[in-house]
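Here is a short note for a first look at this structure. Please read the points alongside the model.

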Amino acid sequence: MKKKIFHGLTGICAMLALILCSIGCKKNLGRQGDPATAASTTMSRAATFQQVWADEFNGSSVNTSNWNLDNGNPGVNNEKEFYQSANATVMSGNLVITARQQSMGGQPYTSAKLNTSGKFSIQYGRIEARIKLPMVQGTWPAFWMLGTNIGSVGWPQCGEIDIMEHVNTTNTILGTMHWNGGSGHVQYGSSINTTPGDFHIYAVEWDNSSIKWFVDNNLYVTGNIANNINNTGAFHLPFYIILNLAVGGDLPGQTINNTALPTTMQVDYVRVYKLVNTTGPPIGQTITLKGSNNMYVSGENGTQAMTCSRPTAQAWEQFLVVDAGNGKVALQSMSKYVSSENGVNSITCNRPSFSGWESFNWISNADGTISLQGNNGQYVSSENGVQAMTCNRPTIGGWEEFRVNQ
C-alpha cells in the first residue's frame, strides 16, 4: 500500500528490487526484494513482551481518544471508496468496518479508515490484531503502519509496514515493508495462506534488527533492518497504526461484486507490546533455535527424530515455549511436544502432552545463547547437524548451545 498524505493514503508504486532496478508495476503476491533482507533478528537473549496499548472495542462506538477517522477518497491507487465515520461501528466487542455500494463524494462506494496518528505511536515491539476479513471480489482490507514523520518527509521516506493485506476472495495474506532504498521506492515481503474469512491473529514483531510477520504466531517472513542495511533507517523511528477497508484499486482490480455488498471487516482487538529483554524463557512466544553449525532445529513434524540441519526456518522449525511448571519449559511444534526420550533414544517431537521427559530447564549462557537440560540432568545436543539430536550430554559445549530467533 502506497501512502501519499499524512493520514496514510493507500497506493502501490512500481515494484523495485532492493538493487533499485524496476521489475514491475503491480504488487507480487510472493516474496519481493533481495533475499538478503530475510536475515533474521540478532537478539541473542530470550524476550518477552509487555502490553503498552490496546483497544478491545468493548464500548458502543469508536474510541476517538485512540482513533482518527478519515473522511473522503484517498486519491491514490484508483480506489473507489469514500471514507466516512458512519461506516465504522462497534458491535458485540468488535470494530466493524462496512463497505457499501453507496454514492458519496463522487465515489460509488463508502467505507471507513481509522488511524492513530497524533494519538499513539510505537517504535519497536509486537503489534497484533485479531481480524475477520471479507471474502468479496473487489475488496482490499489492511492493517498497517506508517512512520509518524510522513508529514515532513513524505512517502516512501517515512517507511511503511503492512502487517496484513488481503484482496478479493483469495486465501493469501500479504506482509510487506516499503521504504526509500536510496533512489526511490523499494519493498520486501512475502505471503501466507490461511482462511481470511475466519478470525486470525495478524502480527509483526519489530526490533532494532528485524521485522517479523506472523499469522496465528506462525512466522512466514523476516525483513532485516540491522544497522540501516539497504537504507532502512526509516524503520528505526516511531510508526502509527491504520485499519481500513478499500473498495477497488490497483491491487484488487476494478471488478467489484456489488451483489455481495455490504460486507465487513471485523476487528476483535488491536494490542501493542513493548519488547522486554530477559534472561528467562520467553513463555508464550514462538521461537526458532539455531545451533552452532548455523542450522535450525527442526521438529520434523513428529515423523522422525529431531535434527539441527535446516538452513531456513519454516513451520517445523518453530516452537511455542510453554510453562511446564517448577521453572521448566516445554517446547511445542505442530501441536506436538519435544521429548528428551530420557536420553536413551534420539529426541523426538511427537508427544501429544508434556510430562517429565518433555520438561526442560532453560539455561541462559553468558554469551547470549541458551541450552536445554532434560529431567535426566543431561543437555540437548545438536550433534552438529550430522545425526539426530540427543539429550545425553553431561556438560555444555558448542553443540549444546543454541541461539534464539536468529
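1. Start with strand β27, residues 370–374.

2. The partner of β27 is strand β26, residues 360–364. The two run antiparallel and are joined by five bridges. Asn361 has Gln373 of β27 as its bridge partner. Five residues lie between the strands of this hairpin, and Gly368 takes a positive phi near 95 degrees there.

3. Keep confidence in mind, as this is a predicted model. The mean pLDDT of the protein chain is 88, and 87% of its residues reach 70 or more. Residues 3–46 have pLDDT below 50, yet this stretch has 166 contacts in the model beyond near neighbours in sequence. Please treat that region with care.

4. Next, the open sheet. Seven strands are ordered β2-β7-β16-β9-β10-β11-β12, with antiparallel pairing. Its edge strands are β2 (68–69) and β12 (185–193), each pairing on one side only. Inside the order, β9 (residues 139–147) and β16 (residues 239–247) pair over nine bridges. Met145 stands opposite Ile241 in β16.

5. Ile173 deserves a look. Ile173 sits in strand β11, residues 172–180. Ile173 counts as buried because its relative accessibility is 0%. Leaving out residues up to four places away in sequence, Ile173 touches residues including Leu133, Met164, His166, Ile192, Tyr202 and Tyr220. Ala142 is 31 residues from Ile173 along the chain, and their C-alpha atoms are separated by 9.8 Å.

6. Check two peptide bonds. Most peptide bonds are trans. The bond from Trp155 to Pro156 is cis, with omega near 10 degrees. Pro156 lies in the loop between α1 (150–153) and β10 (160–165). The bond from Leu261 to Pro262 is also cis, with omega near 0 degrees. Pro262 is in the loop between β16 and β17 (263–277).

7. Check two asparagines as well. Most residues other than glycine have a negative phi. Asn77 has a positive phi near 65 degrees, and lies in the loop between β2 and β3 (81–83). Asn384 has a positive phi of about 60 degrees, and lies in the loop between β28 (379–381) and β29 (390–393). Asn384 is partly exposed, with a relative accessible area of 29%.

Definitions and conventions:
Residues numbered from 1 in each chain as written. Predicted model: local features only at pLDDT ≥ 70, side-chain atom pairs only at ≥ 80, totals over all residues. Heavy atoms only, no water. Helix = DSSP H or I, 4+ residues; strand = E, 2+ residues; numbered from the N terminus. Buried < 20%, exposed > 50% of the residue type's maximum accessible area, 1.4 Å probe, protein only. Contact = heavy atoms within 4.5 Å. Pairing = 2+ DSSP bridges. pLDDT = per-residue confidence, 0-100.
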